[in-house]
Amino acid sequence: MLINKPNDIRPSEITDKTVYKQRRRFLQGAGALLGVTATGGLMALGTPPRDLQGNKIFKDLPRGIASIDGPLTDYEDATTYNNFYELGVGKSGPAENAALFKTDPWSVTVAGECEKPGTLTLEDFLKPHALEERIYRLRCVETWSMVIPWVGFSLGDALKRFQPTRDAKFVIFETLFDPDRLVMQNFDLLDWPYQEGLRIDEAMHPLTTLAIGMYGEVLPKQNGAPLRLVVPWKYGFKSIKSIVSIKFSKARPKTTWSDLQPEEYGFYANVNPDVSHPRWSQKRERPLGEWFKKDTLLFNGYAEQVAGLYKGMDLKKHY
Ligand SMILES: Nc1nc2c(c(=O)[nH]1)N[C@H]1C(S)=C(S)[C@@H](COP(=O)(O)O)O[C@H]1N2
Ligand SMILES: [Mo]
């Protein structure tokens with residue numbers, strides 16, 4: 001995501017030394033903990049953490065709808081090359097500033113056009129849902145892409161519990177606002193909190209995922225812990241991280257990027273190789289960790305599942 005202001009600022013100029021020190025201490029702590037694993041050796045940073053027996057936390061999950069067969073993006077690439085402006089404007093900033101981001105306790109408020117609004121602890125919010133492994137492509141509007149094995153469930157299954165009314169035409173999501181924990185919120189980079197939205201039928205589509213983990217582990221903070229959206233047929237900026245608020249709405253909401261630069265980032269943001277970004281083509285993409293670009297697919301390869309949602313709509317106009 002390119003805006004002029006933040007490009008001039010490097011996260012290293014903003015993050016003060018204590019943050020770096022704390023991060024180093026955190027990593028040493030994590031290393032010490034991981035050092036006791038079955039292998040007894042030092043675990044490389046580029047592998048997902050395991051429990052003390054060396055096992056993944058989430059094991060043998062059933063595969064979610066339309067999961068693909070990889071190859072997966074390397075864990076290290078997926079966790080050190082991030083977009084998460086609340087934690088840094090460069091690609092490495094989010095991982096570097098993650099240690100200060102405390103995600104426990106966490107609660108989620110569901111409000112707006114529904115019969116059963118409420119604020120739930122994360123635990124209560126998640127309790128009824130069976131977890132799946134959902135292996136999806138994610139395509140950033142900046143033209144890089146990944147394949148991630150998410151751990152999660154369909155957003156729609158959660159939304160139904162709150163009984164949206166007939167007036168619920170859109171769903172609005174918000175990221176936590178807490179400048180003590182999300183350091184870049186001390187700066188006027190975006191209109192905090194980050195906000196995203198979906199049409200209700202998009203939100204109810206079974207492919208639309210709430211993720212709490214990836215690669216069999218809990219979500220790393222830089223990837224949007226403890227709860228994020230994954231909308232695999234849309235550009236990555238729709239997949240809002242670290243969600244604290246979900247609201248049903250009659251009206252289409254403001255969304256962070258399309259509000260900031262409407263000609264560049266649309267509300268729909270469906271991946272579409274035939275609709276160029278004003279400053280670059282969207283025809284090709286570079287999978288993280290690979291040298292060669294490949295063709296970008298309409299709806300990021302999920303046309304079979306989701307094209308019906310946009311029947312009769314001019315995708316060039318509703319970009
Ligand atoms: N709250 C919040 N959510 C966000 C972003 C952000 O800056 N803040 N960046 C978005 C963008 S542009 C992308 S491409 C994806 C990146 O997810 P990843 O870092 O897990 O790959 O997160 C999206 N969700
Ligand atoms: Mo993105």
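**Figure 1. Surroundings of ligand 1 in the predicted model.** In this predicted model, ligand 1 is surrounded by 18 residues. The closest of these are Asn82, Tyr85, Glu86, Arg228 and Lys241. Sorted by class, the shell around ligand 1 comprises 9 nonpolar, 6 polar and 3 charged residues.

**Figure 2. Polar side-chain atoms beside ligand 1.** The view shows Asn82, whose side chain places a polar atom 2.8 Å from an oxygen atom of ligand 1. Glu86 is also shown, with a polar side-chain atom 2.8 Å from a nitrogen atom of the ligand. Thr175 likewise has a polar side-chain atom that lies 2.8 Å from a nitrogen atom of ligand 1. Ligand 1 would expose 530 Å² if taken alone, and the protein buries 100% of that area.

**Figure 3. The cavity that holds ligand 1.** The structure contains 1 cavity of 30 Å³ or more. The largest cavity has a volume of about 300 Å³, and ligand 1 sits in this cavity.

**Figure 4. Lining of the largest cavity.** A total of 23 residues line the largest cavity. Nearest to its centre lie Asn83, Arg228, Gly236, Ser239 and Lys241. The lining is made up of 14 nonpolar, 6 polar and 3 charged residues. Strand E4, which spans residues 144-154, gives the most to this lining, with 3 residues.

**Figure 5. The cis peptide bond between Asp104 and Pro105.** Asp104 and Pro105 are joined by a cis peptide bond, for which omega is about 5°. Pro105 is found in the loop between helix H5 (93-96) and strand E1 (107-112).

**Figure 6. The cis peptide bond between Trp192 and Pro193.** The bond leading from Trp192 to Pro193 is cis, and its omega is near -10°. Pro193 belongs to the loop that runs between strand E5 (170-175) and strand E6 (195-199). Thr175, which has a polar side-chain atom 2.8 Å from a nitrogen atom of ligand 1, carries the number at which the range of strand E5 (170-175) ends.

**Figure 7. Backbone of Ser242.** Ser242 is a residue other than glycine with a positive phi, the value being near 45°. Ser242 is located in the loop between strand E9 (228-230) and strand E10 (243-249).

Methods
Residues are numbered from 1 along each chain as its sequence is written. Chains are lettered from A and ligands numbered from 1 in the order in which they are written. This is a predicted model: local features need pLDDT of at least 70, side-chain atom pairs count only at pLDDT 80 or more; totals for chains, interfaces and linings use all residues. Side-chain values use heavy atoms; hydrogens and water are left out. A residue is near a molecule or strand if one of its heavy atoms lies within 4 Å of it. A polar contact is a pair of N or O atoms within 3.5 Å; within protein, one must be able to donate a hydrogen and the other to accept it, and residues adjacent in sequence count only if both atoms are side-chain atoms. Accessible areas come from the Shrake-Rupley method with a 1.4 Å probe; for residues, only the protein chains shown count as cover. On a 1 Å grid over the protein atoms alone, a cavity is a set of points where a 1.4 Å probe fits but cannot get out, and a pocket is an open set with protein on both sides within 12 Å along at least five of seven lines; lining residues have an atom within 4 Å of a point. A molecule sits in a cavity or pocket if more than half of its atoms lie within 2 Å of its grid points. Ala, Val, Leu, Ile, Met, Phe, Trp, Tyr, Cys and Pro count as nonpolar, Asp, Glu, Lys and Arg as charged, and the others, Gly among them, as polar. Grid points are joined across faces, edges and corners, and a volume is the space filled by probe spheres set on the points. Helices (H or I, at least four residues) and strands (E, at least two) are DSSP runs, numbered from the N terminus.
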